[in-house]
Amino acid sequence: MTTMNDNLVEVRGLKFHFAQRAIFNDIDMNFQRGKVTTIMGPSGTGKTTLLRLIGGQLKPDQGSVVVDGLSVPELARKELYGLRKRMGMMFQSGALFTGISVFDNVAFPLREHTNLSEAMIRDLVLMKLQAVGLRGARDLMPAELSGGMARRVALARAVAMDPMMIMYDEPFTGQDPITVGVIMKLIRTINDSLGLTSIIVSHDVQEVSAISDYLYMISNGKVVGEGAPGELGDSSSRWVQQFMKGEPDGPVPFHYPAEEIERDFF
Amino acid sequence: MFNWFQYIGRSALLVFQRLGRAHLFLFRVLAAVPSLFAHFGLLVAEIYSVGVLSMLIIVVAGLSVGMVLGLQMYNTLVDFGAESTLGPVVALSLVRELGPVIAALLFAGRAGSALTAEIGLMKATEQLSGMEMMAVDPIKRIIAPRFVAGIISMPMLAAMFSAVGIWGGYFVGVGLLGVDDGAFWAQMQAKVDLFDDVLNGVIKSIIFGVAITWVAVFEGYDAVPTTEGVSRATTHTVVYASLIVLALDFILTALMFGEM
(Lines give C-alpha, C1' and ligand atoms only; values in the text may rest on other atoms or scores of the structure.)
Protein backbone atom coordinates (compact mmCIF):
# COMPACT_ATOMS: atom_id res chain seq x y z
CA MET A 1 0.00 0.00 0.00
CA THR A 2 1.39 3.41 -0.94
CA THR A 3 1.01 6.65 0.90
CA MET A 4 -0.13 9.86 -0.77
CA ASN A 5 3.38 11.34 -0.83
CA ASP A 6 4.82 8.31 -2.59
CA ASN A 7 2.69 8.92 -5.65
CA LEU A 8 3.93 11.33 -8.28
CA VAL A 9 0.75 10.87 -10.32
CA GLU A 10 -2.68 10.10 -8.95
CA VAL A 11 -5.78 9.45 -11.02
CA ARG A 12 -9.09 9.42 -9.17
CA GLY A 13 -12.61 8.68 -10.41
CA LEU A 14 -11.56 9.43 -13.97
CA LYS A 15 -14.31 9.49 -16.56
CA PHE A 16 -13.66 10.36 -20.17
CA HIS A 17 -15.62 9.80 -23.33
CA PHE A 18 -14.80 10.40 -26.96
CA ALA A 19 -17.31 10.48 -29.82
CA GLN A 20 -20.08 9.21 -27.53
CA ARG A 21 -17.98 6.22 -26.47
CA ALA A 22 -16.90 5.86 -22.84
CA ILE A 23 -13.11 5.45 -22.83
CA PHE A 24 -12.70 5.56 -19.05
CA ASN A 25 -15.47 4.88 -16.60
CA ASP A 26 -14.41 5.72 -13.07
CA ILE A 27 -10.82 4.54 -12.84
CA ASP A 28 -8.31 5.07 -10.02
CA MET A 29 -4.57 4.71 -10.49
CA ASN A 30 -1.38 5.56 -8.60
CA PHE A 31 2.04 6.04 -10.14
CA GLN A 32 4.68 5.76 -7.47
CA ARG A 33 7.77 7.97 -7.48
CA GLY A 34 10.91 6.33 -8.77
CA LYS A 35 9.05 3.30 -10.12
CA VAL A 36 8.25 1.98 -13.57
CA THR A 37 4.48 1.54 -13.84
CA THR A 38 2.85 0.06 -16.92
CA ILE A 39 -0.67 0.28 -18.20
CA MET A 40 -1.60 -2.68 -20.33
CA GLY A 41 -4.69 -3.45 -22.31
CA PRO A 42 -5.83 -4.36 -25.79
CA SER A 43 -5.53 -1.91 -28.66
CA GLY A 44 -8.17 0.80 -28.61
CA THR A 45 -8.75 0.76 -24.86
CA GLY A 46 -7.51 4.30 -24.40
CA LYS A 47 -4.01 3.73 -23.09
CA THR A 48 -2.58 6.62 -25.11
CA THR A 49 -5.57 8.74 -24.13
CA LEU A 50 -4.60 8.23 -20.50
CA LEU A 51 -1.13 9.64 -21.20
CA ARG A 52 -2.71 12.65 -22.90
CA LEU A 53 -4.93 13.16 -19.85
CA ILE A 54 -1.91 13.04 -17.57
CA GLY A 55 -0.04 15.45 -19.86
CA GLY A 56 -3.00 17.85 -19.95
CA GLN A 57 -3.58 17.55 -23.70
CA LEU A 58 -7.08 16.30 -22.91
CA LYS A 59 -9.39 17.18 -20.05
CA PRO A 60 -11.41 14.53 -18.21
CA ASP A 61 -15.21 14.69 -18.08
CA GLN A 62 -15.05 13.89 -14.37
CA GLY A 63 -12.46 12.98 -11.80
CA SER A 64 -9.01 14.26 -11.08
CA VAL A 65 -5.50 13.87 -12.46
CA VAL A 66 -2.89 15.14 -10.03
CA VAL A 67 0.79 15.31 -10.97
CA ASP A 68 3.26 16.26 -8.25
CA GLY A 69 0.47 17.87 -6.25
CA LEU A 70 -0.92 19.88 -9.17
CA SER A 71 -4.40 19.22 -10.55
CA VAL A 72 -3.62 19.01 -14.27
CA PRO A 73 -7.10 19.78 -15.73
CA GLU A 74 -7.35 22.97 -13.65
CA LEU A 75 -3.98 24.42 -14.62
CA ALA A 76 -3.83 27.56 -16.75
CA ARG A 77 -1.78 27.26 -19.94
CA LYS A 78 1.32 28.86 -18.43
CA GLU A 79 1.27 26.60 -15.36
CA LEU A 80 0.59 23.58 -17.54
CA TYR A 81 3.58 24.40 -19.71
CA GLY A 82 5.64 24.85 -16.54
CA LEU A 83 4.63 21.34 -15.46
CA ARG A 84 5.33 19.88 -18.90
CA LYS A 85 8.89 21.15 -18.74
CA ARG A 86 9.29 18.61 -15.93
CA MET A 87 7.66 15.82 -17.96
CA GLY A 88 9.10 13.88 -20.86
CA MET A 89 7.15 11.87 -23.36
CA MET A 90 8.23 9.37 -25.94
CA PHE A 91 5.61 9.01 -28.64
CA GLN A 92 4.92 5.77 -30.47
CA SER A 93 6.15 7.29 -33.73
CA GLY A 94 9.04 9.08 -32.06
CA ALA A 95 7.49 12.40 -33.19
CA LEU A 96 10.91 13.71 -34.18
CA PHE A 97 10.94 16.96 -36.13
CA THR A 98 11.67 15.77 -39.64
CA GLY A 99 13.19 19.01 -40.89
CA ILE A 100 16.09 19.11 -38.41
CA SER A 101 18.95 16.74 -37.53
CA VAL A 102 19.15 14.30 -34.63
CA PHE A 103 21.38 16.76 -32.74
CA ASP A 104 18.95 19.65 -33.23
CA ASN A 105 16.00 17.47 -32.21
CA VAL A 106 17.61 16.69 -28.87
CA ALA A 107 18.79 20.29 -28.49
CA PHE A 108 15.30 21.65 -29.25
CA PRO A 109 13.88 21.73 -25.68
CA LEU A 110 17.18 23.07 -24.32
CA ARG A 111 17.25 25.91 -26.82
CA GLU A 112 13.59 26.72 -26.20
CA HIS A 113 13.64 26.69 -22.43
CA THR A 114 17.14 27.56 -21.30
CA ASN A 115 19.68 30.29 -21.87
CA LEU A 116 22.59 27.88 -21.99
CA SER A 117 25.45 28.61 -24.35
CA GLU A 118 25.73 26.57 -27.55
CA ALA A 119 28.87 24.95 -26.18
CA MET A 120 27.01 23.81 -23.08
CA ILE A 121 24.03 22.62 -25.15
CA ARG A 122 26.42 20.65 -27.37
CA ASP A 123 27.89 18.86 -24.38
CA LEU A 124 24.47 18.10 -22.88
CA VAL A 125 23.05 16.81 -26.17
CA LEU A 126 26.05 14.57 -26.77
CA MET A 127 25.73 13.18 -23.24
CA LYS A 128 22.07 12.34 -23.82
CA LEU A 129 22.85 10.79 -27.19
CA GLN A 130 25.70 8.82 -25.63
CA ALA A 131 23.25 7.45 -23.05
CA VAL A 132 21.06 6.02 -25.83
CA GLY A 133 24.06 4.89 -27.89
CA LEU A 134 23.58 7.33 -30.75
CA ARG A 135 26.30 9.92 -30.25
CA GLY A 136 27.65 8.95 -33.65
CA ALA A 137 24.29 9.58 -35.31
CA ARG A 138 24.12 13.24 -34.30
CA ASP A 139 24.28 14.58 -37.87
CA LEU A 140 21.73 12.20 -39.37
CA MET A 141 18.27 13.39 -40.35
CA PRO A 142 15.24 11.58 -38.87
CA ALA A 143 14.44 10.06 -42.29
CA GLU A 144 17.80 8.29 -42.19
CA LEU A 145 17.05 6.52 -38.89
CA SER A 146 15.52 3.10 -38.36
CA GLY A 147 12.35 2.92 -36.25
CA GLY A 148 14.33 1.80 -33.22
CA MET A 149 16.92 4.52 -33.61
CA ALA A 150 14.16 7.13 -33.95
CA ARG A 151 12.69 6.01 -30.63
CA ARG A 152 16.08 6.17 -28.97
CA VAL A 153 16.56 9.72 -30.24
CA ALA A 154 13.05 10.53 -28.98
CA LEU A 155 14.07 9.11 -25.61
CA ALA A 156 17.21 11.27 -25.55
CA ARG A 157 15.07 14.30 -26.37
CA ALA A 158 12.51 13.36 -23.70
CA VAL A 159 15.20 13.35 -20.99
CA ALA A 160 17.05 16.41 -22.35
CA MET A 161 15.53 18.68 -19.71
CA ASP A 162 16.14 16.14 -16.90
CA PRO A 163 12.43 15.68 -16.20
CA MET A 164 10.91 14.22 -13.04
CA MET A 165 8.86 11.71 -15.03
CA ILE A 166 8.72 10.21 -18.48
CA MET A 167 5.82 8.65 -20.34
CA TYR A 168 6.32 6.00 -23.01
CA ASP A 169 3.62 5.39 -25.59
CA GLU A 170 3.92 1.84 -26.96
CA PRO A 171 7.74 1.84 -26.93
CA PHE A 172 8.15 -1.71 -28.28
CA THR A 173 5.53 -1.86 -31.02
CA GLY A 174 6.86 -2.95 -34.39
CA GLN A 175 10.49 -3.30 -33.28
CA ASP A 176 12.88 -6.18 -33.87
CA PRO A 177 13.99 -8.24 -30.83
CA ILE A 178 17.37 -6.53 -30.51
CA THR A 179 15.79 -3.07 -30.54
CA VAL A 180 13.17 -4.22 -28.03
CA GLY A 181 15.99 -5.41 -25.77
CA VAL A 182 17.83 -2.11 -26.15
CA ILE A 183 14.74 -0.03 -25.37
CA MET A 184 13.86 -2.23 -22.37
CA LYS A 185 17.35 -1.77 -20.97
CA LEU A 186 17.26 1.98 -21.61
CA ILE A 187 13.90 2.48 -19.92
CA ARG A 188 15.00 0.69 -16.78
CA THR A 189 18.50 2.17 -16.70
CA ILE A 190 17.39 5.73 -17.32
CA ASN A 191 14.63 5.39 -14.74
CA ASP A 192 17.03 4.18 -12.07
CA SER A 193 20.06 6.30 -12.87
CA LEU A 194 18.17 9.58 -13.23
CA GLY A 195 15.72 8.83 -10.43
CA LEU A 196 12.74 9.26 -12.71
CA THR A 197 9.19 8.03 -12.50
CA SER A 198 8.25 6.11 -15.64
CA ILE A 199 4.81 5.39 -17.04
CA ILE A 200 4.59 2.97 -19.94
CA VAL A 201 1.56 2.09 -21.99
CA SER A 202 2.02 -1.11 -23.88
CA HIS A 203 0.46 -4.44 -24.76
CA ASP A 204 3.76 -6.30 -24.91
CA VAL A 205 3.29 -8.54 -21.87
CA GLN A 206 6.68 -10.21 -21.63
CA GLU A 207 8.69 -7.03 -22.14
CA VAL A 208 6.84 -4.85 -19.64
CA SER A 209 6.62 -7.65 -17.09
CA ALA A 210 10.42 -7.82 -17.14
CA ILE A 211 11.04 -4.13 -16.46
CA SER A 212 7.96 -2.87 -14.57
CA ASP A 213 7.50 -2.52 -10.84
CA TYR A 214 3.72 -2.35 -11.07
CA LEU A 215 1.16 -3.14 -13.74
CA TYR A 216 -2.36 -1.98 -14.44
CA MET A 217 -4.65 -3.69 -16.89
CA ILE A 218 -7.52 -1.78 -18.38
CA SER A 219 -10.39 -2.93 -20.53
CA ASN A 220 -13.74 -1.39 -21.42
CA GLY A 221 -12.94 1.72 -19.43
CA LYS A 222 -12.21 -0.12 -16.17
CA VAL A 223 -9.13 -1.32 -14.33
CA VAL A 224 -9.54 -5.11 -14.54
CA GLY A 225 -6.32 -6.08 -12.82
CA GLU A 226 -3.33 -4.57 -11.03
CA GLY A 227 -0.29 -5.66 -9.12
CA ALA A 228 3.38 -6.50 -9.38
CA PRO A 229 4.24 -8.54 -12.50
CA GLY A 230 4.40 -11.81 -10.51
CA GLU A 231 1.10 -11.17 -8.76
CA LEU A 232 -0.68 -10.36 -11.97
CA GLY A 233 0.54 -13.59 -13.61
CA ASP A 234 -1.11 -15.53 -10.76
CA SER A 235 -4.35 -13.58 -10.95
CA SER A 236 -7.56 -15.54 -10.77
CA SER A 237 -9.21 -13.18 -13.24
CA ARG A 238 -9.94 -15.01 -16.51
CA TRP A 239 -9.59 -11.74 -18.41
CA VAL A 240 -6.12 -11.09 -16.97
CA GLN A 241 -5.08 -14.69 -17.65
CA GLN A 242 -6.26 -14.46 -21.26
CA PHE A 243 -4.32 -11.27 -21.81
CA MET A 244 -1.13 -12.38 -20.06
CA LYS A 245 -1.07 -15.71 -21.92
CA GLY A 246 -2.27 -14.30 -25.24
CA GLU A 247 -5.12 -16.80 -25.54
CA PRO A 248 -7.21 -16.22 -28.67
CA ASP A 249 -10.59 -16.79 -27.03
CA GLY A 250 -12.02 -16.13 -23.60
CA PRO A 251 -13.65 -13.15 -21.92
CA VAL A 252 -12.38 -11.17 -24.90
CA PRO A 253 -14.13 -13.19 -27.62
CA PHE A 254 -12.46 -14.34 -30.83
CA HIS A 255 -15.59 -13.57 -32.86
CA TYR A 256 -16.88 -10.11 -33.48
CA PRO A 257 -20.54 -10.02 -32.39
CA ALA A 258 -22.73 -11.45 -35.16
CA GLU A 259 -26.15 -13.04 -35.58
CA GLU A 260 -26.56 -16.80 -35.23
CA ILE A 261 -24.31 -18.72 -37.64
CA GLU A 262 -27.27 -20.84 -38.83
CA ARG A 263 -28.97 -17.76 -40.21
CA ASP A 264 -26.00 -17.03 -42.47
CA PHE A 265 -25.35 -20.54 -43.75
CA PHE A 266 -28.67 -22.44 -43.62
CA MET B 1 -38.46 15.05 -46.02
CA PHE B 2 -37.68 15.36 -42.31
CA ASN B 3 -34.32 13.68 -42.90
CA TRP B 4 -33.54 16.23 -45.55
CA PHE B 5 -34.12 19.11 -43.13
CA GLN B 6 -32.08 17.27 -40.55
CA TYR B 7 -29.23 16.91 -43.03
CA ILE B 8 -29.32 20.60 -43.99
CA GLY B 9 -29.44 21.65 -40.34
CA ARG B 10 -26.58 19.41 -39.34
CA SER B 11 -24.44 20.55 -42.29
CA ALA B 12 -25.11 24.21 -41.47
CA LEU B 13 -24.19 23.64 -37.83
CA LEU B 14 -20.94 21.95 -38.83
CA VAL B 15 -20.07 24.83 -41.18
CA PHE B 16 -20.67 27.43 -38.45
CA GLN B 17 -18.80 25.32 -35.92
CA ARG B 18 -15.80 25.18 -38.28
CA LEU B 19 -16.00 28.91 -38.99
CA GLY B 20 -16.01 29.54 -35.24
CA ARG B 21 -12.95 27.34 -34.81
CA ALA B 22 -11.21 29.13 -37.69
CA HIS B 23 -11.81 32.53 -36.06
CA LEU B 24 -10.69 31.41 -32.61
CA PHE B 25 -7.62 29.95 -34.28
CA LEU B 26 -6.96 33.27 -36.03
CA PHE B 27 -7.17 35.16 -32.72
CA ARG B 28 -4.66 32.74 -31.17
CA VAL B 29 -2.33 33.19 -34.13
CA LEU B 30 -2.59 36.99 -33.97
CA ALA B 31 -1.90 36.90 -30.23
CA ALA B 32 1.21 34.84 -30.98
CA VAL B 33 2.58 37.22 -33.63
CA PRO B 34 4.48 39.48 -31.14
CA SER B 35 6.50 36.41 -30.03
CA LEU B 36 8.09 36.44 -33.49
CA PHE B 37 10.27 39.38 -32.49
CA ALA B 38 12.14 36.95 -30.25
CA HIS B 39 12.37 34.34 -33.01
CA PHE B 40 13.09 36.47 -36.05
CA GLY B 41 15.10 33.67 -37.67
CA LEU B 42 11.97 31.52 -37.88
CA LEU B 43 10.20 34.23 -39.86
CA VAL B 44 13.10 34.64 -42.27
CA ALA B 45 13.23 30.88 -42.86
CA GLU B 46 9.51 30.79 -43.60
CA ILE B 47 9.69 33.79 -45.95
CA TYR B 48 12.28 31.82 -47.87
CA SER B 49 10.13 28.69 -47.91
CA VAL B 50 6.82 30.40 -48.69
CA GLY B 51 7.97 33.37 -50.75
CA VAL B 52 11.37 32.83 -52.35
CA LEU B 53 10.57 29.28 -53.43
CA SER B 54 7.37 30.55 -55.11
CA MET B 55 9.28 33.06 -57.23
CA LEU B 56 9.98 30.79 -60.19
CA ILE B 57 6.34 29.98 -60.88
CA ILE B 58 5.37 33.63 -60.36
CA VAL B 59 8.04 34.93 -62.77
CA VAL B 60 7.28 32.38 -65.48
CA ALA B 61 3.51 32.92 -65.20
CA GLY B 62 3.92 36.72 -65.07
CA LEU B 63 6.07 36.75 -68.20
CA SER B 64 3.65 34.52 -70.05
CA VAL B 65 0.56 36.52 -69.04
CA GLY B 66 2.28 39.81 -69.92
CA MET B 67 3.29 38.57 -73.37
CA VAL B 68 -0.20 37.26 -74.15
CA LEU B 69 -1.71 40.50 -72.87
CA GLY B 70 0.64 42.54 -75.06
CA LEU B 71 -0.24 40.51 -78.13
CA GLN B 72 -4.01 40.51 -77.62
CA MET B 73 -4.23 44.18 -76.70
CA TYR B 74 -2.05 45.19 -79.63
CA ASN B 75 -4.33 43.35 -82.07
CA THR B 76 -7.34 45.27 -80.78
CA LEU B 77 -5.71 48.67 -80.28
CA VAL B 78 -4.06 48.71 -83.68
CA ASP B 79 -7.51 48.64 -85.35
CA PHE B 80 -8.20 52.01 -83.73
CA GLY B 81 -4.70 53.34 -84.27
CA ALA B 82 -4.26 53.42 -80.53
CA GLU B 83 -1.35 51.00 -80.21
CA SER B 84 0.68 53.68 -78.45
CA THR B 85 -1.58 53.16 -75.41
CA LEU B 86 -0.43 49.54 -75.13
CA GLY B 87 1.82 50.44 -72.18
CA PRO B 88 -0.90 51.75 -69.84
CA VAL B 89 -3.38 49.05 -70.91
CA VAL B 90 -0.94 46.28 -70.05
CA ALA B 91 0.26 47.99 -66.88
CA LEU B 92 -3.22 48.81 -65.54
CA SER B 93 -4.52 45.31 -66.26
CA LEU B 94 -1.60 43.87 -64.37
CA VAL B 95 -1.27 46.14 -61.34
CA ARG B 96 -5.00 46.47 -60.72
CA GLU B 97 -6.24 42.95 -61.40
CA LEU B 98 -4.14 40.27 -63.01
CA GLY B 99 -1.05 40.73 -60.86
CA PRO B 100 -2.74 40.40 -57.46
CA VAL B 101 -5.33 37.82 -58.55
CA ILE B 102 -3.24 35.42 -60.64
CA ALA B 103 -0.30 35.67 -58.24
CA ALA B 104 -2.73 34.89 -55.40
CA LEU B 105 -4.17 31.87 -57.22
CA LEU B 106 -0.67 30.57 -57.95
CA PHE B 107 0.37 31.31 -54.36
CA ALA B 108 -2.62 29.31 -53.08
CA GLY B 109 -1.67 26.40 -55.30
CA ARG B 110 2.03 26.45 -54.62
CA ALA B 111 2.64 27.82 -51.11
CA GLY B 112 -0.85 27.38 -49.59
CA SER B 113 -1.05 23.68 -50.38
CA ALA B 114 2.53 23.16 -49.15
CA LEU B 115 1.74 24.91 -45.85
CA THR B 116 -1.36 22.78 -45.28
CA ALA B 117 0.39 19.54 -46.16
CA GLU B 118 3.37 20.36 -43.95
CA ILE B 119 1.31 21.32 -40.90
CA GLY B 120 -1.16 18.46 -41.47
CA LEU B 121 1.68 15.94 -41.67
CA MET B 122 3.28 17.40 -38.56
CA LYS B 123 -0.03 16.79 -36.83
CA ALA B 124 -0.40 13.27 -38.25
CA THR B 125 3.13 12.32 -37.17
CA GLU B 126 2.52 13.72 -33.66
CA GLN B 127 5.14 16.45 -34.08
CA LEU B 128 2.69 19.11 -32.94
CA SER B 129 1.67 17.00 -29.93
CA GLY B 130 5.33 16.39 -29.20
CA MET B 131 5.99 20.09 -29.26
CA GLU B 132 3.08 20.74 -26.87
CA MET B 133 4.39 18.08 -24.51
CA MET B 134 7.77 19.86 -24.56
CA ALA B 135 5.94 22.99 -23.37
CA VAL B 136 6.41 24.73 -26.70
CA ASP B 137 3.27 26.26 -28.18
CA PRO B 138 2.95 25.11 -31.83
CA ILE B 139 0.86 28.19 -32.59
CA LYS B 140 3.83 30.38 -31.71
CA ARG B 141 6.57 28.12 -33.07
CA ILE B 142 4.97 26.72 -36.23
CA ILE B 143 1.82 28.61 -37.21
CA ALA B 144 2.57 32.29 -36.51
CA PRO B 145 5.83 32.45 -38.52
CA ARG B 146 4.16 30.81 -41.53
CA PHE B 147 1.13 33.09 -41.27
CA VAL B 148 3.20 36.28 -41.18
CA ALA B 149 5.57 35.00 -43.88
CA GLY B 150 2.60 34.44 -46.19
CA ILE B 151 1.28 37.95 -45.59
CA ILE B 152 4.69 39.50 -46.25
CA SER B 153 5.44 37.37 -49.31
CA MET B 154 2.13 37.74 -51.14
CA PRO B 155 2.36 41.48 -52.07
CA MET B 156 6.00 41.05 -53.08
CA LEU B 157 5.13 38.16 -55.35
CA ALA B 158 2.21 40.09 -56.83
CA ALA B 159 4.49 43.08 -57.50
CA MET B 160 7.01 40.76 -59.10
CA PHE B 161 4.26 39.22 -61.26
CA SER B 162 3.16 42.67 -62.45
CA ALA B 163 6.72 43.89 -63.12
CA VAL B 164 7.67 40.80 -65.10
CA GLY B 165 4.30 40.93 -66.90
CA ILE B 166 4.95 44.52 -68.01
CA TRP B 167 8.33 43.38 -69.30
CA GLY B 168 6.59 40.61 -71.24
CA GLY B 169 4.13 43.10 -72.73
CA TYR B 170 7.02 45.41 -73.61
CA PHE B 171 8.94 42.58 -75.25
CA VAL B 172 6.00 41.64 -77.48
CA GLY B 173 4.62 45.14 -78.11
CA VAL B 174 7.84 47.08 -78.58
CA GLY B 175 10.31 44.34 -79.38
CA LEU B 176 8.26 42.26 -81.80
CA LEU B 177 5.31 44.33 -82.98
CA GLY B 178 6.98 47.70 -83.36
CA VAL B 179 5.13 49.89 -80.84
CA ASP B 180 7.14 53.05 -80.11
CA ASP B 181 9.42 52.56 -77.15
CA GLY B 182 9.02 56.08 -75.75
CA ALA B 183 5.23 56.06 -76.14
CA PHE B 184 4.98 52.72 -74.32
CA TRP B 185 6.70 54.01 -71.20
CA ALA B 186 5.55 57.65 -71.35
CA GLN B 187 1.87 56.73 -71.68
CA MET B 188 2.26 54.25 -68.85
CA GLN B 189 3.82 56.91 -66.62
CA ALA B 190 1.03 59.33 -67.46
CA LYS B 191 -1.89 56.96 -66.97
CA VAL B 192 -0.86 54.76 -64.07
CA ASP B 193 -1.42 56.45 -60.72
CA LEU B 194 0.77 55.44 -57.80
CA PHE B 195 -2.03 55.58 -55.23
CA ASP B 196 -5.18 54.74 -57.19
CA ASP B 197 -3.66 51.89 -59.16
CA VAL B 198 -0.42 50.60 -57.69
CA LEU B 199 -1.27 51.04 -54.02
CA ASN B 200 -4.76 49.57 -54.44
CA GLY B 201 -3.17 46.54 -56.10
CA VAL B 202 -0.78 46.17 -53.19
CA ILE B 203 -3.67 46.43 -50.68
CA LYS B 204 -5.53 43.75 -52.61
CA SER B 205 -2.57 41.41 -52.55
CA ILE B 206 -2.04 41.91 -48.80
CA ILE B 207 -5.69 41.02 -48.17
CA PHE B 208 -5.37 37.98 -50.46
CA GLY B 209 -2.22 37.00 -48.55
CA VAL B 210 -4.08 37.11 -45.21
CA ALA B 211 -6.98 35.07 -46.60
CA ILE B 212 -4.87 32.39 -48.31
CA THR B 213 -2.43 31.91 -45.46
CA TRP B 214 -5.22 31.83 -42.88
CA VAL B 215 -7.05 29.14 -44.84
CA ALA B 216 -3.82 27.18 -45.42
CA VAL B 217 -2.57 27.13 -41.83
CA PHE B 218 -6.04 26.48 -40.39
CA GLU B 219 -6.74 23.60 -42.78
CA GLY B 220 -3.41 22.03 -41.82
CA TYR B 221 -3.92 22.54 -38.09
CA ASP B 222 -7.52 21.31 -38.21
CA ALA B 223 -6.81 18.37 -40.54
CA VAL B 224 -7.88 14.88 -39.57
CA PRO B 225 -4.48 13.36 -38.69
CA THR B 226 -4.53 10.60 -41.30
CA THR B 227 -3.17 10.32 -44.84
CA GLU B 228 -6.65 10.84 -46.24
CA GLY B 229 -7.35 13.74 -43.88
CA VAL B 230 -4.20 15.62 -44.89
CA SER B 231 -4.92 15.00 -48.56
CA ARG B 232 -8.46 16.36 -48.16
CA ALA B 233 -7.22 19.39 -46.21
CA THR B 234 -4.71 20.20 -48.96
CA THR B 235 -7.43 20.09 -51.59
CA HIS B 236 -9.66 22.25 -49.39
CA THR B 237 -6.92 24.86 -49.12
CA VAL B 238 -6.54 25.26 -52.88
CA VAL B 239 -10.29 25.25 -53.55
CA TYR B 240 -11.38 27.50 -50.67
CA ALA B 241 -8.46 29.92 -51.00
CA SER B 242 -9.00 30.30 -54.76
CA LEU B 243 -12.73 30.91 -54.38
CA ILE B 244 -12.17 33.37 -51.53
CA VAL B 245 -9.60 35.27 -53.63
CA LEU B 246 -12.02 35.59 -56.54
CA ALA B 247 -14.89 36.66 -54.30
CA LEU B 248 -12.73 39.16 -52.42
CA ASP B 249 -11.39 40.51 -55.70
CA PHE B 250 -14.87 41.47 -56.84
CA ILE B 251 -15.67 43.13 -53.53
CA LEU B 252 -12.36 45.00 -53.39
CA THR B 253 -12.56 46.06 -57.04
CA ALA B 254 -16.06 47.41 -56.46
CA LEU B 255 -14.87 49.34 -53.42
CA MET B 256 -11.67 50.66 -55.02
CA PHE B 257 -12.55 51.30 -58.62
CA GLY B 258 -16.36 51.09 -58.76
CA GLU B 259 -18.68 54.05 -59.07
CA MET B 260 -21.17 52.54 -56.63
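This is a predicted model: local features need pLDDT of at least 70, side-chain atom pairs count only at pLDDT 80 or more; totals for chains, interfaces and linings use all residues.
In chain B, α4 covers residues 86–124 and α9 covers residues 227–257, and the two pack at an angle of about 150° with their axes 9 Å apart. Because angles over 145 degrees count as roughly antiparallel, α4(B) and α9(B) are described as roughly antiparallel to each other. If you now display the side chains where α4(B) meets α9(B), the residues of that contact divide into 14 nonpolar, 9 polar and 3 charged.

Along the principal axes, the C-alpha atoms of chain B fill a box of roughly 65 × 55 × 30 Å.

Then bring chain A into view and turn to the place where the chains meet, a contact that takes 16 residues from chain B and 23 residues from chain A. Between them, chain B and chain A bury about 1700 Å², with 57% of this area on carbon and sulfur atoms. On the chain B side, select Glu126(B), Met133(B) and Met134(B), which lose the most area to chain A and together account for 41% of what that side buries.

Finish with the charged pairs across the interface, where the count between chain B and chain A is 3 salt bridges. One to pick out joins Glu112(A) to Arg141(B), with the closest N and O atoms 2.6 Å apart.

Terms used: Residues are numbered from 1 along each chain as its sequence is written. Chains are lettered from A and ligands numbered from 1 in the order in which they are written. Side-chain values use heavy atoms; hydrogens and water are left out. Axes are lines fitted to C-alpha atoms, for helices over the stretch in contact, and angles run from 0 to 180 degrees between N-to-C directions. Helices (H or I, at least four residues) and strands (E, at least two) are DSSP runs, numbered from the N terminus. Angles under 35 degrees count as roughly parallel, over 145 as roughly antiparallel, 65 to 115 as roughly perpendicular and the rest as oblique. Ala, Val, Leu, Ile, Met, Phe, Trp, Tyr, Cys and Pro count as nonpolar, Asp, Glu, Lys and Arg as charged, and the others, Gly among them, as polar. Contact means heavy atoms within 4.5 Å. Buried area is the accessible area (1.4 Å probe) that two parts lose on being put together, summed over both. A salt bridge is a side-chain nitrogen of Lys or Arg within 4 Å of a carboxyl oxygen of Asp or Glu.
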